[in-house]
Amino acid sequence: MGKKIQDIIIFLNETTSTNRYLQDLSQVEKLMEGTSVLALYQTAGRGHDRNRWESERGKNVLLSSIFYPDVLPVTKQFYLSEITSVSILQALKEETDSFDQKAASEFSIKWPNDIYWRDKKIAGILIENVIENNRIKQSIIGAGINVNQEKFVSDAPNPVSLKQIFGMDFNIHLIFTRIIKNLHFNYIKFLKNELPDIHSFYMDNLYRKDGMHPYQTSDGEKFYASVKRIEPFGALVLETEDGGEKSFLFKEIEFLE
Ligand code: BTN
């Protein structure tokens, strides 16, 4: 394919949002594929559903990276979620494994692209795509990873940080570098059509991949089910107690405790 992914890194003390920063900069100049930003603080960090992303100044990884995956039809944009989730999960495992192997084995990917530790959220991902002619012309991949923050004040339901889990401070730059390295590596794999590897890693590390668990649909229906598979376009397929299959898109289903 001959694409070259660049290791151009921009460090910022403060910005509105790293996704927004790359978005604005990309309007001014054509950014090299792989250009990444790490910020210490965001004044308007964004999560899903117009939620704010809480992050105390200097305590966490707040990053974005820009890609031009124009080989990818819109129907397969979920691949970007897989690549990103897998890259972050791998980085967290690599970083923590030598301190506490058991705890490091308890990170997982909650469909579609949250990173969890046990039943708590340690990282969130926000991918913003520009679509043209049914292809993904540009993708800004943003992620917030809770690293050294000890108290969370927003109403985010279940945040957790590395410090809360492992009882020590971690180096933000090192974690950022690991994530970007993995992201570039996995993105190149994807360009070379080596997605099955990434998909199987995603499935092997899926939150609640085994056993029956409670779910609730956006219409309020509650039921128990197990994860059957994830479709290439990202739908979660659950198998209910009577053996039936139900398929859901993001926001159509909630995981209950
Ligand atoms: C979520 O709601 O789970 C997604 C959160 C994504 C937060 C990150 S922090 C870096 C990047 N810039 C933003 O404004 N949001 C993402």
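User: What volume does the largest pocket have?

Analyst: Rolling a probe the size of a water molecule over the atoms shows where empty space is left. A pocket is an open set of points on a 1 Å grid over the protein atoms alone, where a 1.4 Å probe fits, with protein on both sides within 12 Å along at least five of seven lines. A volume is the space filled by probe spheres set on the points, which are joined across faces, edges and corners. Here the largest pocket has a volume of about 1,100 Å³. This is a predicted model, where local features need pLDDT of at least 70 and side-chain atom pairs pLDDT 80 or more, while totals for chains, interfaces and linings use all residues. Residues are numbered from 1 along each chain as its sequence is written, and side-chain values use heavy atoms, without hydrogens and water.

User: Which residues are the closest to the centre of the largest pocket?

Analyst: Lining residues have an atom within 4 Å of a point. There are 47 here, and His48, Asn51, Asp114, Lys121 and Pro157 are the closest to the centre.

User: Which strand gives the most to that lining?

Analyst: Strands are DSSP runs (E, at least two residues), and helices are runs of H or I with at least four, numbered from the N terminus. Strand 6 gives the most, four residues.

User: What is the volume of the second largest pocket?

Analyst: Its volume is about 320 Å³. Phe78, Ser81, Pro112, Asn113 and Phe250 are the closest to its centre, out of 14 lining residues. Helix 2 supplies the largest share of this lining, three residues.
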